[in-house]
Every structure is written in C-alpha cells, then in structure tokens.
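The following exercises concern a predicted model. Each task is followed by a solution in steps.

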Amino acid sequence: AHKPRRVCIISDASWEPGPWLQPKCLLCWMVIPAEGAPWGRSIEPPRELWSHCKERATQITVAELLCPLLALLATPESFAAAAVSAFVDNQPAMAVLVKGSSKASDLAQLGAATNMLLALLRSTCWFEWVPSLSNMADGGSRTGPTDRATAAAGIQRAWQDFDPRIIEILRCPLDELFAAVQQYASSPGPLSSAGPGPPRRGARG
C-alpha cells in the first residue's frame, strides 16, 4: 500500500500586552519534510489583525492558532496528500485544532479553516502538545530568524509577509468559509516564489 509522505510543522507564538491594538506579537513556524532541508518563517502580525478578534486580556491562543494555518497557506503543495504532524505548546489552541471549532467565534473560524484546508489538500494531521522548553520554534517566536538554536539545527529561516487572507477568514461568514478556503488550497501565499528552498527575506508585517 502507498504510504503518504510525512511532513512536520513545529510552531510557537509570543505575546506581550500593550495598549489596545498595540501589542507585541511574533509568530514562528517551521516545516520539516521527510525529504529536503527544513525551513521556517517568522511573522510580525499587523495591528489591524487584532481588531478582527474578540477582545480579551491576551490573544496568545489566536496567535498560536495562526501558525499552522499560515504554514499551510504559504505552500499548500508542500502538504498535499501528506501525513502531517503539527506540534504546538498551547493547550487551548491545540484543543481548537483537534475539534476544528470553539465557542469563541474567532477561534472557531481559525480552527475550522485549518481543518478545511487539510481536507482539501487530502492530508491527515496529528496535533500534538509539546512542552515549551522542548519546542524548537520557541526562540524564533521571540527573536525571529536570528534564533541560534534553529540555526545550529540547520533550519533555513527568514521573515515572511503576513498573509492578508487570515483577516478574510476572520471576517468570512461561517457558511461561506469552505468556499473561501477552497480557493486558498490552490493559491499559495507569500512563499510562492521561494517554496521550501533557500528563503527570501520578507517584510515584518
């Protein structure tokens, strides 16, 4: 029987509170394919993003949910018909990813979009919690591509533009979300010109 190729996503996010709409947030995700060199990206989300989220003391769960979705959106072809393992160190975010939904509307949109995209790519995904101290993406979510640990591991890293389709997902009515994600499955994001090879340097959000 044909065995699907395996791909691993390791992600993390950091959040420091500040005046409303002015927090400091940094996202990091890495892709480790069965074949080829591993690579990763760091993203500083724009302030506009948080105005489309429910108001809460911290948006760390939203930030953690964004990482695997951004990885899938950037190079969907990298995950097509693959057995994906996604490691996150935030338990509320992992619960949303496993269920594909949440009582909070913004979390539900992101969880549903991630699972829809995986289904459209004919991929399976195992979501796993990993302790923060064992998370390879932890440094990249704090210092960006200059993180020494991932550099020592030979992971190619760069800044990436924030994908504006995330805001479209948050604003999209739930009954129209599948149609929107269906278009995204065949339309790569900011990494379309770079792919899994040597990363190009993007803007910081």
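**Exercise 1: The surroundings of S42**

S42 touches L27, C28, G140, G144, P145, A158, W159 and Q160, leaving aside residues up to four places away in sequence.

Task: Determine which strand holds S42, whether S42 is buried or exposed, and which backbone oxygen lies 3.2 Å from a polar atom of its side chain.

Solution.
1. S42 belongs to strand 3, which spans residues 39–43.
2. The relative accessible area of S42 is 2%. Buried means under 20%, so S42 is buried.
3. The backbone oxygen is that of G140, 3.2 Å from a polar atom of the S42 side chain. G140 is also among the residues that S42 touches.

**Exercise 2: The pairing of strand 1**

Task: State in which sense strand 1 pairs with strand 2 and with strand 4, and explain why strand 1 is largely enclosed.

Solution.
1. With strand 2 (residues 24–33), strand 1 pairs in the antiparallel sense over ten bridges. Here C8 has I32 as its bridge partner.
2. With strand 4 (residues 83–88), the sense is parallel, over five bridges. R6 has A83 as its bridge partner in strand 4.
3. Strand 1 covers residues 6–16; nine of these eleven residues are buried, so the strand is largely enclosed by the rest of the structure.

**Exercise 3: The nonpolar cores**

Task: Identify which residues touch the most other members of the largest nonpolar core, and which helix gives the most to this core.

Solution.
1. The core has 53 residues, of which L27, W29, F79 and I166 touch the most other members.
2. Helix 1 (residues 60–74) gives the most, with eleven residues.
3. Another core, of six residues, lies apart from this one and includes C28, M30, A137 and I155.

Key:
Residues numbered from 1 in each chain as written. Predicted model: local features only at pLDDT ≥ 70, side-chain atom pairs only at ≥ 80, totals over all residues. Heavy atoms only, no water. Buried < 20%, exposed > 50% of the residue type's maximum accessible area, 1.4 Å probe, protein only. Helix = DSSP H or I, 4+ residues; strand = E, 2+ residues; numbered from the N terminus. Pairing = 2+ DSSP bridges. Core = buried A, V, L, I, M, F, W, Y, C linked by side-chain atoms within 4.5 Å. Polar contact = N/O pair within 3.5 Å; in protein donor to acceptor, adjacent residues only side chain to side chain. Contact = heavy atoms within 4.5 Å.
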